[in-house]
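Here is a short report on one protein structure. Please read it alongside the sequence and the 3D view.

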Amino acid sequence: MNDSITVSGLGFDAHALKKSSPGSIILCAHPIACEYGVIAHSDGDVALHALADAMLGAIAAGDIGEHFSPTDDRWKDAASTLFIEHILRLYEFKNAALVNIDLTIICEEPKISPHKTVMKKNLSRITQLPLERINVKATTTEQLGFLGRKEGVAAQAIVTVKLPS
Ligand SMILES: [Zn+2]
């Protein structure tokens with residue numbers, strides 16, 4: 001794209017956790033075994049939901065709830081990769097090119113660090129972005145609030161996108 005502009009989009013998502021054994025939390029399409037499960041209509045992948053909202057934000061296309069209503073049975077237990085694939089088709093239609101992803105996962109449990117590499121690889125496979133333009137970070141809230149009490153898991157994402165001017 002010669003004449004292009006660069007825009008950005010921001011996304012945030014949180015879901016409640018419930019004790020579950022055996023439990024599993026899916027983050028960046030990567031299931032992590034732990035003592036908790038996510039309460040959600042879809043697979044509850046907060047990382048992909050935050051990314052989906054960031055990607056929609058960058059092309060001014062609303063939010064994830066408008067595109068994939070939680071009351072629509074099509075999305076019950078749906079793999080959140082479907083949301084990203086749908087948004088990438090919108091990107092093709094608009095000649096939009098994803099440039100980078102920076103993602104932060106916020107939770108006490110599960111521990112994210114051992115899973116960052118596979119998460120980045122999954123994001124690269126799903127979005128076709130090279131690994132060097134994808135960043136996955138993890139933080140806690142120092143045991144404060146609902147995230148600190150392990151009542152939920154949250155994620156923030158920001159993306160940069162090139163659009164035809
Ligand atoms: Zn969500």
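## Salt bridges

Lys-137 is partly exposed, at 31% relative accessibility. Here buried means under 20% relative accessible area, exposed means over 50%, and partly exposed lies in between, using a 1.4 Å probe and protein chains only. Lys-137 forms a salt bridge with Asp-102, and their closest N and O atoms are 2.7 Å apart. This pair links distant parts of the chain: Lys-137 sits in strand 4 (residues 134–139) and Asp-102 in strand 3, 35 residues apart. Asp-102 is also partly exposed, with a relative accessible area of 23%. The structure holds six salt bridges. The term covers a side-chain nitrogen of Lys or Arg within 4 Å of a carboxyl oxygen of Asp or Glu. Helices (H or I, at least four residues) and strands (E, at least two) are DSSP runs, numbered from the N terminus.

Glu-109 forms a salt bridge with Lys-150, with 3.4 Å between the closest N and O atoms. The pair links distant parts of the chain, 41 residues apart. Glu-109 lies in the loop between strand 3 and helix 4 (116–127). Lys-150 lies in the loop between helix 5 (145–148) and strand 5. Glu-109 is partly exposed at 26% relative accessibility, and Lys-150 is partly exposed at 31%. Arg-149 forms a salt bridge with Glu-151, where the closest N and O atoms are 2.9 Å apart. Arg-149 is exposed, with a relative accessible area of 51%. Glu-151 is partly exposed, at 38%.

## Basis of the model

This is a predicted model: local features need pLDDT of at least 70, side-chain atom pairs count only at pLDDT 80 or more, and totals for chains, interfaces and linings use all residues. Residues are numbered from 1 along each chain as its sequence is written, and side-chain values use heavy atoms, with hydrogens and water left out.

Asp-13 lies in strand 1 (residues 4–27) and His-49 in helix 1 (residues 46–58), so the pair ties together parts that are 36 residues apart in sequence. Asp-13 is buried, with a relative accessible area of 16%. His-49 is buried too, at 6%.

## Strand pairing

Strand 1 and strand 5 (residues 152–164) run antiparallel and are joined by 13 bridges. Two strands pair if DSSP finds at least two bridges between them. Thr-6 stands opposite Lys-162 in strand 5.

Strand 5 also pairs with strand 3 (residues 97–106), in the antiparallel sense, over nine bridges. Leu-103 stands opposite Ala-157 in strand 5.

## Aromatic cluster

A search of the whole structure finds three aromatic pairs. One of them is Phe-68 with Phe-83, which is stacked: 4.3 Å centre to centre, with 25 degrees between the planes. Phe-68 lies in the loop between helix 2 (64–67) and helix 3 (81–93), and Phe-83 lies in helix 3, so the pair ties together parts that are 15 residues apart in sequence. Phe-68 is buried, with a relative accessible area of 6%. Phe-83 is buried, at 3%.

The ring centres of Trp-75 and Phe-83 are 5.6 Å apart and the planes stand at 75 degrees, so this pair is edge-to-face. Rings of Phe, Tyr and Trp (its six-membered ring) pair if their centres lie within 6.5 Å; planes under 30 degrees apart count as stacked, over 60 as edge-to-face and the rest as tilted. Trp-75 is buried at 13% relative accessibility. Phe-68, Trp-75 and Phe-83 form one aromatic cluster.

## Cysteines

How many disulfides does the structure hold? It holds zero, where a disulfide is a pair of cysteine sulfur atoms within 2.5 Å. Cys-28 is in no disulfide, and its nearest cysteine sulfur, that of Cys-107, is 11 Å away. Cys-28 is buried, at 0% relative accessibility.

Cys-34 is in no disulfide either. The nearest cysteine sulfur to Cys-34 is that of Cys-107, 8.7 Å away. Cys-34 is buried, at 14% relative accessibility.
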